[in-house]
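Notebook open, structure loaded. I'll jot down what I look up, one topic at a time.

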Amino acid sequence: MAAIFGSRQRTVIAGFVIAVLIVVVLHVTGAKMFTLDHSWSLFAMRWLHIMSGVMWIGLLWYFNFVQTPMMPKIQPPELAGGVTKFIAPQALWWFRWGALATVVTGLLLAAMTPGGYLVNALTLAQPQRAIGIGIWMALIMAFNVWFLIWPNQQKILGLVPATDAEKAKARPIAAYASRFNTMFSIGMLYCMAVQSHG
Ligand code: HEM
């Protein structure tokens with residue numbers, strides 16, 4: 001057990017090994033045939049896209065439903081330093097790179113889908129209007145992550161030098177951008193799923 005679960009890297013590798021085993025089992029039992037063609041690479045991109053999206057939105061919801069509401073309740077208050085100095089910077093690293101990976105895999109997924117998909121989606125033309133709305137919402141959210149939340153969180157957490165006045169100004173900007181993204185995430189995910197499954 002410790003050989004795998006004693007290390008995060010080995011745990012993730014084991015996860016991918018299990019995924020490969022699933023592919024093999026599905027293939028040999030005739031449930032889902034595996035052929036290394038464009039259709040499979042399109043599917044693989046969809047899979048990577050969902051995983052990076054889960055990393056991003058999972059952490060967004062962690063910030064909004066767990067970390068931020070709990071911060072003022074931490075007792076004794078000095079313990080909050082553990083969150084701001086260690087947990088939040090690490091969570092923000094996976095959060096912002098997860099956001100970028102989601103955008104890149106999402107755009108590649110759209111570009112790889114035949115039929116002028118990306119142009120149709122971005123111009124909100126049919127039959128890609130639903131995913132187009134979702135993509136624009138997600139792009140606004142990614143902008144918020146990289147250009148509002150991250151620069152202001154760096155000041156709040158003391159990762160870059162900032163005066164008390166600058167920190168006070170940064171707090172509502174980061175907090176409202178994060179809340180805005182939580183608000184948008186619900187409709188955005190509806191659009192992501194409804195395009196193919198609605
Ligand atoms: C700018 C960012 C994004 C782009 C360009 C993008 C693009 C796409 C595209 C093109 C699809 C395929 C739609 C179809 O079935 O035809 C898709 C599906 C999907 N996306 Fe995104 N997306 C983005 C952000 C996100 C985020 C933040 C999430 C969060 C989890 C997400 C989760 C999903 C899910 C769950 C699906 C459905 C997969 C399926 O059931 O087939 N996407 N996205």
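**Ground rules.** With that, Proline 127 falls in the loop between α5 (117–122) and α6. Residue numbers start from 1 along each chain as its sequence is written. I'm working on a predicted model, where local features need pLDDT of at least 70 and side-chain atom pairs count only at pLDDT 80 or more, while totals for chains, interfaces and linings use all residues.

**Overall.** I get seven helices and zero strands for the protein. From the N terminus the order reads α-α-α-α-α-α-α. The C-alpha atoms fill a box of roughly 60 × 50 × 25 Å along the principal axes. For burial I use C-beta atoms placed from the backbone: buried means 20 or more others within 10 Å, exposed means 12 or fewer, and partly exposed is in between. On that scale, buried residues make up 21% of the 198 residues. For contacts, I take two residues whose C-beta atoms, placed from the backbone, lie within 7 Å. Of the contacts between residues at least 6 apart in sequence, 67% join residues at least 24 apart.

**Core.** Which residues have the most contacts inside the largest nonpolar core? I find Trp56, Leu60, Phe95, Ala138 and Met188, in a core of 24 residues. A nonpolar core here is a set of buried Ala, Val, Leu, Ile, Met, Phe, Trp, Tyr and Cys residues joined through C-beta atoms within 7 Å. At least two of its residues come from each of α3 (38–70), α4 (80–112), α6 (129–156) and α7 (164–197). The largest share is from α6, with seven residues. I looked at Phe95 separately: leaving out residues up to four places away in sequence, Phe95 touches Trp56, Leu59, Leu60 and Val145.

**Ligand.** How many residues surround the ligand? I count 24, and the closest are Gly53, Gly106, Ala138, Met192 and Ser196. The test for being near is a C-beta atom, placed from the backbone, within 6 Å. α3, α4, α6 and α7 each supply at least two residues of this shell, and the largest share, seven residues, comes from α3. By class I get 16 nonpolar, seven polar and one charged. The classes are Ala, Val, Leu, Ile, Met, Phe, Trp, Tyr, Cys and Pro as nonpolar, Asp, Glu, Lys and Arg as charged, and the others, Gly among them, as polar.

**Helix α3.** The helix has 33 residues and reaches 46 Å from first C-alpha to last, close to the 48 Å expected at 1.5 Å a residue. The expected span is 1.5 Å times one less than the number of residues. Where does α3 bend? At phenylalanine 63, by about 40°; a bend is the angle between axes fitted to the seven residues ending at a residue and the seven starting there. The buried residues of α3 include Met45, His49, Trp56 and Phe63, and their cover includes α4 and α7.

**Helix α6.** α6 has 28 residues and spans 38 Å, first C-alpha to last, close to the 40 Å expected at 1.5 Å a residue. I note a kink of about 35° centred on valine 145. Glycine 158 follows α6, with a positive phi near 75°. Skipping residues up to four places away in sequence, glycine 132 touches Ala121, Leu122 and Leu124. Isoleucine 140 is also placed in α6, but is partly exposed because 13 other C-beta atoms lie within 10 Å.

Most residues other than glycine have a negative phi, and most peptide bonds are trans. The bond from glutamine 75 to proline 76 is cis, omega near -10°, with proline 76 in the loop between α3 and α4. The bond from glutamine 126 to proline 127 is cis, omega near 5°. Leucine 124 has a positive phi of about 60° although not a glycine, and sits in the loop between α5 and α6. Leucine 124 counts as partly exposed because 14 C-beta neighbours lie inside 10 Å.

Methods. Helix = DSSP H or I, 4+ residues; strand = E, 2+ residues; numbered from the N terminus.
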